[in-house]
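This briefing covers the points of the structure below that bear on its core, its strand pairing, its backbone geometry and its aromatic pairs.

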Amino acid sequence: PYLTVLLMKYFIWSCAIVLLGTGIFLATVEPSHAAESCTVTSVVSGADTQLQGGGAASSANVSSYWTASIAGAPWVWESAAPSKPSADQTVSFTQDFTVAAAPGSATLLIAADDLYNVQINGTQVAQITQADTFMQVGSYDVAGALVSGTNTITVTATNLSYGGTYTAEQNPAGLSYRIDID
């Protein structure tokens, strides 16, 4: 009860986003900015993610190797399992989204098995050329690449085979991302 009252009191004076029940504090707007919008919009991998060239991305079979976790952003790939686990496979994903006004801040959180290159509206905002990015979440400031109106994120992800002969369970493939826009 005390925490609820404290949160209610704080919320009256500012805008806060709290993961309820966890005590994790994510963002705040100071009282002097309380009249401004304090809505954080998230764009996530998932149902709205398309394969470049057509078709929807599929939910990827989540691997126990993947220790990177992005809340609310499911892992996707061209199919539930990689179609070519014994060969390097590159898949491009796109997602259109709308931003009402130029954002004050925008952060991309991303993980992939294995490599990724990210563009927003044709501007490269992130690139990882080393393997094992499924073990940690990359974080990038992308506010400068966003425009008021329609925006497009394009992620090109590569699953590496390392020259071996693998099953889809031995060499899974996936991509997970979220953009938080404020």
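Strands here are DSSP runs of E with at least two residues, numbered from the N terminus. By that numbering, N121 sits in the loop between strand 9 and strand 10. The model is predicted. Its largest nonpolar core has 41 residues.

**Nonpolar core**

- The residues with the most contacts inside the 41-residue core are F93, L108, I110, Y116, V118, I153 and I179.
- At least two core residues come from each of strand 6 (76–77), strand 7 (89–99), strand 8 (106–113), strand 9 (115–120), strand 10 (123–128), strand 12 (149–159) and strand 13 (174–181).
- Strand 8 is the one that gives the most to this core, with six residues.
- Leaving aside residues up to four places away in sequence, I153 touches F93, T94, Q95, F97, L108, V118, Q119, I120, Y177 and I179.

- An open sheet is formed by five strands in the order 4-7-12-9-10, with antiparallel pairing.
- Strand 4 (50–51) and strand 10 are at the edges of this sheet; each has a single partner strand, so one side of each has no neighbour in the sheet.
- Six bridges connect strand 9 and strand 12, which pair in the antiparallel sense.
- N117 has T156 as its bridge partner in strand 12.

**Backbone geometry in the loops**

- D113 and D114 are joined by a cis peptide bond, with omega at about 25°.
- D114 belongs to the loop between strand 8 and strand 9.
- N121, in the loop between strand 9 and strand 10, has a phi near 55°, which is positive in a residue other than glycine.
- The relative accessible area of N121 is 33%, so this residue is partly exposed.
- Y162 is likewise not a glycine and has a positive phi of about 60°; its place is in the loop between strand 12 and strand 13.

- L115 is part of strand 9.
- Is L115 buried or exposed? Its relative accessible area is 16%, and buried means under 20%, so L115 is buried.
- Not counting residues up to four places away in sequence, L115 touches I128, T129, Q130, A131, T133, T156, A157, T158 and L160.
- The C-alpha atoms of L115 and T90 are 9.0 Å apart in space, while the two residues are 25 residues apart in sequence.

**Aromatic pairs**

- The count of aromatic pairs comes to three.
- One of them is W77 with F93, a tilted pair at 5.7 Å centre to centre and 55° between the planes.
- W77 lies in strand 6 and F93 in strand 7, so this pair ties together parts that are 16 residues apart in sequence.
- W77 counts as buried at 0% relative accessibility, and F93 counts as buried at 1%.
- Y116 and Y140 form an edge-to-face pair, with 6.4 Å centre to centre and 85° between the planes.
- Y116 is in strand 9 and Y140 in strand 11 (residues 138–141), so the pair ties together parts that are 24 residues apart in sequence.
- Y116 and Y140 are both buried.

Key:
Residues are numbered from 1 along each chain as its sequence is written. This is a predicted model: local features need pLDDT of at least 70, side-chain atom pairs count only at pLDDT 80 or more; totals for chains, interfaces and linings use all residues. Side-chain values use heavy atoms; hydrogens and water are left out. A nonpolar core is a set of buried Ala, Val, Leu, Ile, Met, Phe, Trp, Tyr and Cys residues joined through side-chain atoms within 4.5 Å. Buried means under 20% relative accessible area, exposed over 50%, partly exposed in between (1.4 Å probe, protein chains only). Helices (H or I, at least four residues) and strands (E, at least two) are DSSP runs, numbered from the N terminus. Contact means heavy atoms within 4.5 Å. Two strands pair if DSSP finds at least two bridges between them. Rings of Phe, Tyr and Trp (its six-membered ring) pair if their centres lie within 6.5 Å; planes under 30 degrees apart count as stacked, over 60 as edge-to-face and the rest as tilted.
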